[in-house]
Amino acid sequence: MSLRFAARRLAVSAPVFSATVGPSVQRRHKWASNLFKGWGKPRNKDAGSSPAQDPTSLLDDPKSREEYLQKSMYSGVEDNIFQDEIEKVSTDTTPGAPEIEQKTKENMAMVVDPDPRSRVRWQRKKVIQMVRRNGRLTRDERIQMSERELLHKSEFMPTSVKKLVMLARQIAGKSVDDAIVQMKWSKKKMAAEIGYYLEEARDLAIAQRGMGLGKVNNEILKAPKKIQTVDGKWIEIKDPTRMYIAQSWVGRGPWRGKRIDYKGRGRMGIIRHPSTSLTVLLKEEKTRIREYEERVEKKNKKGPWVHLPNRPVYGQRPYYSW
């Protein structure tokens with residue numbers, strides 16, 4: 001009869017280790033600590049008499065390991081190899097150093113008001129217009145006081161108008177975030193450049209015009225509003241300050257260069273390398289809501305359409321006109 005024993009029990013009861021292969025032991029190298037610690041500082045002469053201590057032996061203690069980790073991540077400049085130079089610069093004082101010029105009205109006049117005569121003429125013109133209208137504002141001025149917009153033009157890109165106009169039509173009417181996502185996954189070569197300029201326009205609109213800050217200013221609508229765009233699409237708006245691309249167009253720039261196009265029978269042509277710019281007009285959803293309400297109000301004022309209106313007939317003749 002053959003005896004049956006569990007292989008797992010046999011392996012546990014009789015462990016066998018070869019002479020060459022043994023249990024793995026994890027060791028810390030002495031160079032794992034800070035290599036540049038103590039550079040630039042005078043060494044202790046009595047250090048050779050005392051037995052050298054492994055700097056990594058302190059890491060066996062969990063508390064010491066935590067302190068070492070905090071010191072490595074949030075340490076100052078005391079362990080820096082340039083500590084001597086830093087202390088020297090901080091202690092040196094130059095008595096003849098120039099003082100920082102204060103920003104006063106006289107100092108900033110060259111930049112803020114470079115042409116005072118033109119500014120005075122413009123202000124005089126605006127005052128005359130205001131007096132003539134008796135302080136009344138036009139419709140466009142009232143809209144500009146309540147709605148924000150930003151016009152941003154990109155640099156000239158090495159592409160043609162025919163290629164860039166397709167991307168300009170693709171992003172027109174979309175929100176800025178959706179347009180950036182479209183350019184991110186587009187296969188077009190200039191899509192990455194357009195995405196960069198859209199991000200730049202978005203940042204400028206937030207920093208300069210204060211657009212897109214509905215959550216910060218508590219301007220979020222309690223219930224989403226459903227409107228119809230000019231293209232006939234129905235959308236829901238929760239944040240009236242969300243930015244969208246109202247208009248986008250391209251412009252032809254200067255030729256970047258020329259090269260010869262060699263043809264047959266001794267003939268030749270010239271190939272010109274074009275450059276094109278992209279301009280976008282960013283607006284908030286407040287504008288789109290106002291435009292939708294104006295269209296609805298105009299439609300309601302027209303009244304119902306009558307198939308056969310009741311109007312008098314003129315020019316009756318006793319015979320046929322043909």
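**Fold and packing in the predicted chain**

Of the 322 residues in the protein chain, 19% are buried (under 20% relative accessible area, with exposed meaning over 50% and partly exposed in between, using a 1.4 Å probe and protein chains only). This is a predicted model, in which local features need pLDDT of at least 70 and side-chain atom pairs count only at pLDDT 80 or more, while totals for chains, interfaces and linings use all residues. Residues are numbered from 1 along each chain as its sequence is written, and side-chain values use heavy atoms, with hydrogens and water left out.

The protein chain has ten helices and seven strands (DSSP runs numbered from the N terminus, with helices being H or I of at least four residues and strands E of at least two). Its exposed surface comes to about 27900 Å², and carbon and sulfur atoms supply 55% of that (Shrake-Rupley method, 1.4 Å probe). As for contacts (heavy atoms within 4.5 Å), take the ones between residues at least 6 apart in sequence: 69% of these join residues at least 24 apart.

Now to the sheet. Three strands line up as S1-S7-S4 in an open sheet with antiparallel pairing (two strands pair if DSSP finds at least two bridges between them). Strand S1 (149–153) and strand S4 (243–252) sit at the edges, each pairing on one side only. On average, neighbouring strands here are turned by 15° against each other, direction ignored (axes are lines fitted to C-alpha atoms, for helices over the stretch in contact, and angles run from 0 to 180 degrees between N-to-C directions). S1 and strand S7 (residues 276–284) run antiparallel and are joined by five bridges; glutamate 149 stands opposite lysine 283 in S7. As a rule, side chains in a regular strand alternate between the two faces of the sheet.

Two helices lie across this sheet. Helix H7 (residues 161–171) lies across S4 and S7, running at about 170° to S4. Helix H9 (residues 191–209) lies across S1, S4 and S7, at about 140° to S1.

H7 also packs against helix H8 (residues 176–184), at an angle of about 140° and with the axes 10 Å apart. That angle makes H7 oblique to H8 (under 35 degrees counts as roughly parallel, over 145 as roughly antiparallel, 65 to 115 as roughly perpendicular and the rest as oblique). On the H7 side, Leu167, Gln170 and Ile171 meet Ala179, Gln182 and Met183 of H8. By class, this contact has four nonpolar, two polar and no charged residues (nonpolar covers Ala, Val, Leu, Ile, Met, Phe, Trp, Tyr, Cys and Pro; charged covers Asp, Glu, Lys and Arg; the others, Gly among them, are polar).

S2 and S3 pair in the antiparallel sense over four bridges, and lysine 226 stands opposite glutamate 236 in S3. Five residues lie between the strands of this hairpin, where glycine 232 takes a positive phi near 95°. Threonine 229 is found in the loop between strand S2 (225–228) and strand S3 (234–237). With 12% relative accessibility, threonine 229 counts as buried. Leaving aside residues up to four places away in sequence, threonine 229 touches Ile235, Arg288 and Arg295.

Strand S5 (residues 257–262) and strand S6 (residues 268–273) also pair in the antiparallel sense, over six bridges. Arginine 259 stands opposite isoleucine 271 in S6. The S5 and S6 hairpin has five residues between its strands, and arginine 265 there takes a positive phi near 60°.
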